[in-house]
Amino acid sequence: MSSIKIKYFNSFVLKKNVNNVTSGNAAYQPVFSGLPSNPASYPTFGANSSNDINVIGDGGRNWIIEEARIRGGYNNTSTSYGPKAYLVENSNEQSVRTNALIYSGVYNSRTDINETNVFSVGEEITKAVDPNYGSIQKLHTLDSNLAIFQENKVSSALIDKDAIYSAEGTGSVTSTNLVIGQITPYVGEYGISNNPESFAYHGYRRYFTDKYRNAVMRLSRDGLTEISQYGMSTFFREEFAKINSNFKEFTFTALIAGSGANPAKLTLNPSNVLTNLEKGMLVSIPQTSGSPVSATITGIVNANILYLSNDPGTPDVGQNATFTKFIKDRLLGGWDIHNKNYVVSIQDKSEDTVTPDTYSTLSFEDDINGWTSFFTYEPNFVGSLKSKYYSFYDGEIYEHYDQTPGHIRSTFYGVTSNSSVEFIFNANPSIIKNFKTVNYEGSNGWQVESFLSDAEGFDLQSNAQQQYNDSAKLVRSYEEGLYNEGGVPYRAGFNRKENKYFANLINNSVARPGEVFFGDATTGIKGYLATVKVSTDATTDPGGTKELFAVSTEFVVSSR
């Protein structure tokens with residue numbers, strides 16, 4: 001515990017400064033006790049003229065008197081208001097308490113009293129949590145309780161009430177004028193790490209990620225639940241390991257083609273147009289003579305004409321300007337009100353123009369306690385308003401699940417992709433099977449993009465050291481598989497009977513050592529299990545609704 005000395009004083013300083021200064025006399029700076037000699041921040045008193053009647057000795061300098069009594073008389077009245085105490089702090093550095101909360105007064109709209117900038121030191125306006133659990137990253141109120149998310153802990157604090165315990169140890173909640181009451185940690189060593197952007201809530205449930213523990217969490221009335229354990233623990237462990245909690249420096253160069261002034265701008269070589277330019281990005285511009293000029297981008301025209309915060313003057317045309325921005329990997333979360341899903345986007349940002357960004361956006365559904373879908377979009381922000389789900393990308397807002405006529409489905413930010421479903425056929429897992437056919441119930445327009453058996457093991461002493469899988473050829477959709485031969489229509493993919501689609505599997509495997517028949521000379525594929533990916537085609541009602549209810553296969557037990 002440190003102590004601060006309190007000093008008392010009842011003196012005042014009376015100073016006289018004469019304005020008629022002669023240029024030949026030097027100025028005079030007083031020296032006060034406790035201050036360095038001639039402090040630069042203290043005023044300089046000019047010297048007096050020689051004919052000034054108030055000149056007193058020592059070259060006619062101004063005079064300074066430190067006095068505590070009127071007219072300096074021995075028994076005259078003191079001008080003091082009594083002792084004044086002031087604190088002399090040993091350090092005036094700013095103190096940052098990352099594990100503490102502070103609150104101000106309130107704003108009363110009925111009386112127009114605004115005390116949001118009032119922090120009374122006479123009241124208990126601070127509350128701290130255990131610093132061993134790291135900094136506070138997120139606060140969220142729900143009803144009359146406050147959830148506190150630290151890096152390594154989640155706690156709940158009472159608001160406008162406190163818990164009182166009896167001698168027997170039983171507790172009861174009582175109303176109090178204390179804004180933040182008792183803080184109680186939730187059971188479990190989980191936190192929000194350094195990713196408050198992953199937080200989302202709906203109803204009484206709150207969701208967030210804990211990168212430090214490779215976990216995605218749900219906070220509900222039953223406490224903390226690690227929802228990443230529902231079949232996805234390995235996936236999140238591997239993906240979270242790629243996420244860097246620190247800022248990364250993204251730097252690249254572009255060839256200067258010319259510049260203009262008023263407004264300041266810079267033109268890049270049209271053959272070197274870059275899509276990585278952004279407003280606010282730093283740029284260093286080499287000059288024909290002198291040091292490079294530093295500026296920020298304030299506007300972009302046609303991706304190669306930049307408006308700048310500083311006039312670049314005469315840049316060195318033909319040389320490279322250096323562009324820099326600071327980026328950070330993100331674990332972005334949000335609530336999809338349309339499907340009642342928690343959406344999390346794992347975004348690994350690249351530090352150069354060659355390596356693309358990587359991301360995985362997927363959703364979790366509480367009704368089945370499972371991860372339902374992967375999505376082909378990388379949002380900057382997601383959220384729901386009333387009954388609609390929105391995402392933001394490059395400063396634009398996009399509405400998802402648009403039901404208006406003509407809307408193209410599976411399109412995100414102007415890019416259309418095929419929708420797909422991937423699953424495993426694994427009936428009788430201990431028996432080697434020959435998969436002969438594939439069938440599905442649903443809409444027209446689905447194809448089997450891949451049908452792959454499990455990998456066979458290999459002998460580590462073998463020189464080949466190659467694993468083999470049985471695979472099937474692409475099974476085309478009902479429309480894309482149609483062809484004519486001799487005026488007779490045939491289908492090379494799915495056929496339809498009684499509104500059910502079916503097709504044979506044609507082997508597409510490479511030859512194994514000792515095999516005589518392989519590939520399309522055989523029917524079906526062989527293995528313990530098969531991983532199947534079914535996707536929409538590109539020609540059947542593009543952008544329309546395509547439903548898939550069930551997928552099945554016919555197999556026989558392998559004879560060898």
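This is a predicted model: local features need pLDDT of at least 70, side-chain atom pairs count only at pLDDT 80 or more; totals for chains, interfaces and linings use all residues.

**Entry: cavities**

A cavity here is a set of points, on a 1 Å grid over the protein atoms alone, where a 1.4 Å probe fits but cannot get out; a pocket is an open set with protein on both sides within 12 Å along at least five of seven lines, and lining residues have an atom within 4 Å of a point. For volumes, grid points are joined across faces, edges and corners, and the space filled by probe spheres set on the points is taken. The largest cavity comes out at about 30 Å³.

Residues are numbered from 1 along each chain as its sequence is written, and side-chain values use heavy atoms, with hydrogens and water left out.

Which residues line the largest cavity? I noted Glu239, Lys242, Ile243, Ile346, Gln347, Asp348, Thr358 and Tyr359. Two elements give two or more residues each to this lining, strand S24 (341-348) and strand S25 (358-365). Strands (E, at least two residues) and helices (H or I, at least four) are DSSP runs, numbered from the N terminus. S24 contributes the most, three residues. By class I get three nonpolar, two polar and three charged residues. The classes put Ala, Val, Leu, Ile, Met, Phe, Trp, Tyr, Cys and Pro under nonpolar, Asp, Glu, Lys and Arg under charged, and the others, Gly among them, under polar.

**Entry: the sheet with S24 and S25**

Next I followed those two strands into their sheet. It is an open sheet of four strands in the order S23-S24-S25-S26, paired antiparallel. Two strands pair if DSSP finds at least two bridges between them. At the edges I find strand S23 (330-336) and strand S26 (370-375), each pairing on one side only. Direction ignored, neighbouring strands of this sheet are turned by 25 degrees against each other on average.

How many bridges join S24 and S25? I count eight, in the antiparallel sense. Asn341 stands opposite Glu365 in S25.

Helix H1 (residues 233-240) lies across S23, S24, S25 and S26, and runs at about 35 degrees to S24. Axes are lines fitted to C-alpha atoms, for helices over the stretch in contact, and angles run from 0 to 180 degrees between N-to-C directions. Contact means heavy atoms within 4.5 Å.

**Entry: the second largest pocket**

I then turned to the open space. The second largest pocket holds about 830 Å³. It is lined by 27 residues, and the closest to its centre are Lys349, Asp357, Glu378, Tyr393 and Asp394. Strand S22 (residues 320-327) supplies the largest share of that lining, three residues.

Strand S19 (residues 282-285) and strand S20 (residues 293-301) run antiparallel, joined by four bridges. Ser284 has Ser294 in S20 as its bridge partner. S20 is also joined by four bridges to strand S21 (residues 305-308), again antiparallel. S20 and S21 form a hairpin with three residues between them, and Asn302 in the turn has a positive phi of about 55 degrees.

I also looked at the open sheet of four strands ordered S13-S14-S15-S16, with antiparallel pairing. Its edge strands are strand S13 (200-202) and strand S16 (223-226). Strand S15 (residues 215-220) pairs with S16 over four bridges, and Ser220 has Gly223 as its bridge partner there.

**Entry: confidence**

Last check: pLDDT, the predictor's confidence in each residue, from 0 to 100. The protein chain averages 82, and 78% of the residues score at least 70. Where is confidence lowest, and where highest? Strand S2 (residues 12-15) is lowest at a mean of 48, and strand S14 (residues 205-210) is highest at 97. Residues 8-28 fall below 50, with 54 contacts in the model beyond near neighbours in sequence. Residues 55-62 also stay under 50, with 15 contacts beyond four places in sequence.
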